[in-house]
Amino acid sequence: RNASAPAWAPPGAEGSPALEPGAAPYGNFPNYSRFHPPEGRVSLLPGGLLRSLFPAAARPLLGLDVGCNSGELSVALYRHLLGLQESEGSLDQPAAGKDLNLLCCDIDPVLIERAQQCSPFPASISFANLDIMDSSVREPFLSSYLGRFGRSTFDIGFCMSVTMWIHLNHGDSGLLEFLSFLSSLCQYLLIEPQPWKCYRAAARRLRKLGRNDFDHFRSLAINGDMAARITQILTKDCAMELVCCFGSTSWDRSLLLFKSNSSNHEGRESSEQEQ
Ligand SMILES: C[S@@+](CC[C@H](N)C(=O)[O-])C[C@H]1O[C@@H](n2cnc3c(N)ncnc32)[C@H](O)[C@@H]1O
């Protein structure tokens, strides 16, 4: 690794002038998808996933992508889950027989602007600048989006390579609050947690630079096998069950799918009503 690149940067980011050390304290790397391409992760998900998770849903499905960066993974997920080919644009009918609306948010307004400009599916994928940890803003914002569909929760949430940044910036309590919030908001949750070695690298690099933003790091009691810890929190404290682990990507990260056991989710209500 090039000494001038941040240690928490994606592999291959060496020497990129856009990745100045300390320039991305939230993991808000520009061009992130170039270094951590979406294909490596979406290809782990079965194409018919939505149909198997929501066999009875007659209405459009709603998804929330937290920490979407400039949207490349969001668009790839949308295409993959609906069975659309790369060449197909917004006029094409989803082949998987499901209608999906995605709300994608990120704390970085510049990344969101880029995502909005490049989105091939503006009618179905919305990008919004939102700090998901700011409850005074997120609650009205998300309620307003859900309200447009007459809903109060999402069918599925995506949280890909985001938990470490929430954890480093907001500590153990922030991570617990974040997971609890997501589990109350989404019937299913797909999470790609960063492993602990990434934390060490991120904190070490910023410490060397004299930054103390990640003071939380030394006091984190939630540590070690992060996939196991996050699974434990979601299943013990957040009334979710682990449905599936889609395996590790070549970057040693698991894709974990959880399902809420709570009866608050409309997906369950509507499929029960339909029977
Ligand atoms: C490492 S990138 C992952 C991007 C994308 N999810 C992927 O996996 O390709 C982490 C993203 O989370 C965003 N992020 C971090 N903290 C956030 C917060 N509190 N609210 C919203 N987005 C946040 C960062 O800006 C960054 O774009």
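Val162 is buried, with 24 other C-beta atoms within 10 Å of its own. Welcome to this predicted model, where that residue makes a handy starting point. Val162 sits in the loop that links strand 4 (154-160) to helix 7. Its C-alpha is 7.7 Å from that of Gly27, although 135 residues separate Val162 and Gly27 in sequence.

- The phi of Ser161 is positive, near 55 degrees, in a residue other than glycine.
- Is Ser161 buried or exposed? Ser161 is buried, because 21 other C-beta atoms lie within 10 Å and the cut-off for burial is 20 or more.

**The nonpolar core**

- The largest nonpolar core counts 60 residues, and Tyr78, Cys104, Cys159, Cys186 and Leu189 have the most contacts inside it.
- Helix 7 provides the largest share of this core, with nine residues.
- Both domains take part, since this core draws at least three residues from domain 1 (60-84 + 96-152) and at least three from domain 2 (159-275).

**Strands and helices of interest**

- Strand 2 (residues 100-106) pairs with strand 3 (residues 125-129) in the parallel sense, over five bridges.
- Within this pairing, Leu103 has Ser126 of strand 3 as its bridge partner.
- Together with helix 5 (residues 109-118), strand 2 and strand 3 form a right-handed β-α-β unit.
- How many of the 11 residues of helix 4 (residues 72-82) are buried? Nine of them are, which leaves the helix mostly covered.
- The buried residues of helix 4 include Glu72, Ser74 and His80, as well as Leu73, Val75 and Leu77.
- Tyr78 is another buried residue of helix 4, and Tyr78 is also one of the residues with the most contacts inside the largest nonpolar core.
- Gly83 follows helix 4 and has a positive phi, near 70 degrees.

**Two more residues to look at**

- Asp65 belongs to strand 1 (residues 61-66) and is buried, with 27 other C-beta atoms within 10 Å.
- Asp65 and Leu190 are 125 residues apart in sequence, while their C-alpha atoms are 9.5 Å apart in space.
- Ala239 occupies the loop between helix 10 (226-236) and strand 6 (240-248).
- Ala239 is not a glycine, yet its phi is positive at about 55 degrees.
- Ala239 counts as partly exposed, because it has 16 C-beta neighbours inside 10 Å.

Technical notes
Residues numbered from 1 in each chain as written. Predicted model: local features only at pLDDT ≥ 70, side-chain atom pairs only at ≥ 80, totals over all residues. Pairing = 2+ DSSP bridges. Helix = DSSP H or I, 4+ residues; strand = E, 2+ residues; numbered from the N terminus. Right-handed = clockwise from strand over helix to strand, strands pointing away. Core = buried A, V, L, I, M, F, W, Y, C linked by C-beta atoms within 7 Å. Buried ≥ 20, exposed ≤ 12 C-beta atoms within 10 Å, placed from the backbone. Domains from an automatic or database assignment.
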